[in-house]
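Here is a briefing on one protein chain. Please keep the sequence and the model in view while reading.

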Amino acid sequence: MAALRRWNADSPTEGLMSRRPSRRNGERPNGAFAELRSEIERLRGELIQARSRILQLEQGGAEPIAARRIAELEEGQKVARGLAVEAAIARSRAEAEAKFLRDAIERAPGVHGWLLRRALRRLPAGPGQARPKPGR
């Protein structure tokens, strides 16, 4: 029993060692308590909001929420369509430019033209493009 005694025996349990730290004179960790208190208040607020929303939905208030959500989805759909149109235009421009450059390389005269055509054969074919034939 002597091995279990603390060197500072101020507690009413005669200084026996405990797994929990002793709190002297009602000492509390103020930071943790305040943090828990604020979390409880926040959760109470969320509960009140959830209850009011449930009440609103039960009383037929789902129509404005659904209408607002549908409007948001329609707006997103318009944006997506616009982006798709812009992407299609950019792709067609890039394909036209690539075709123009390939044609210019095919018509280039002299040794430089020959070197360009040889380099063109080594390039990978783009999407929708056939590779130039080696005999050309």
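**Salt bridges along the helices**

Lysine 99 and aspartate 103 lie four residues apart in helix H2, so about one helical turn separates them. Their side chains meet in a salt bridge, with 3.4 Å from N to O. The model is a predicted one. The points below take the other salt bridges of this kind, then the fold, the surface and the confidence.

**Salt bridges**

- The whole structure holds five salt bridges.
- An α-helix has 3.6 residues a turn, so residues three or four places apart point the same way.
- Aspartate 103 has a relative accessible area of 31%. That value lies between the 20% and 50% cut-offs, so aspartate 103 counts as partly exposed.
- Helix H2 covers residues 62–107, and arginine 69 and glutamate 72 sit three residues apart in it, about one helical turn.
- Arginine 69 and glutamate 72 form a salt bridge, and their closest N and O atoms are 3.4 Å apart.
- Arginine 69 is partly exposed at 48% relative accessibility. Glutamate 72 is partly exposed too, with a relative accessible area of 46%.
- Glutamate 41 is partly exposed at 42% relative accessibility. Arginine 44 is partly exposed at 46%.

**Helices and fold**

- The chain has three helices and zero strands. Along the sequence, the pattern reads α-α-α.
- How far apart are the end C-alpha atoms of helix H1? They are 42 Å apart.
- Helix H1 runs over residues 30–58 and has 29 residues.
- Glycine 60 follows H1 and has a positive phi, near 85°.
- Among contacts in the chain with a separation of 6 or more, 8% join residues 24 or more positions apart.

**Surface and burial**

- What share of the 136 residues counts as buried? The share is 7%.
- The accessible surface of the chain is about 12500 Å². Carbon and sulfur atoms account for 58% of that surface.
- Val111, Trp114 and Leu115 make up a nonpolar patch on the surface. Together they have about 310 Å² of accessible area.
- Leucine 115 belongs to helix H3, residues 110–122.
- Is leucine 115 buried or partly exposed? Leucine 115 has a relative accessible area of 43%, so it is partly exposed.

**Confidence**

- The average pLDDT of the chain is 79. Of the residues, 71% score at least 70.
- Residues 1–7 have a pLDDT below 50. In the model, this stretch has ten contacts beyond near neighbours in sequence.
- Where pLDDT is low, predicted coordinates should not be read in detail.

Conventions
Residues are numbered from 1 along each chain as its sequence is written. This is a predicted model: local features need pLDDT of at least 70, side-chain atom pairs count only at pLDDT 80 or more; totals for chains, interfaces and linings use all residues. Side-chain values use heavy atoms; hydrogens and water are left out. Helices (H or I, at least four residues) and strands (E, at least two) are DSSP runs, numbered from the N terminus. The expected span of a helix is 1.5 Å times one less than its number of residues. Patches are made of residues with over 30% relative accessible area and no salt bridge: like charges are joined within 9 Å, nonpolar side chains (Val, Leu, Ile, Met, Phe, Trp, Tyr) within 5 Å. Accessible areas come from the Shrake-Rupley method with a 1.4 Å probe; for residues, only the protein chains shown count as cover. A salt bridge is a side-chain nitrogen of Lys or Arg within 4 Å of a carboxyl oxygen of Asp or Glu. Buried means under 20% relative accessible area, exposed over 50%, partly exposed in between (1.4 Å probe, protein chains only). pLDDT is the predictor's confidence in each residue, from 0 to 100. Contact means heavy atoms within 4.5 Å.
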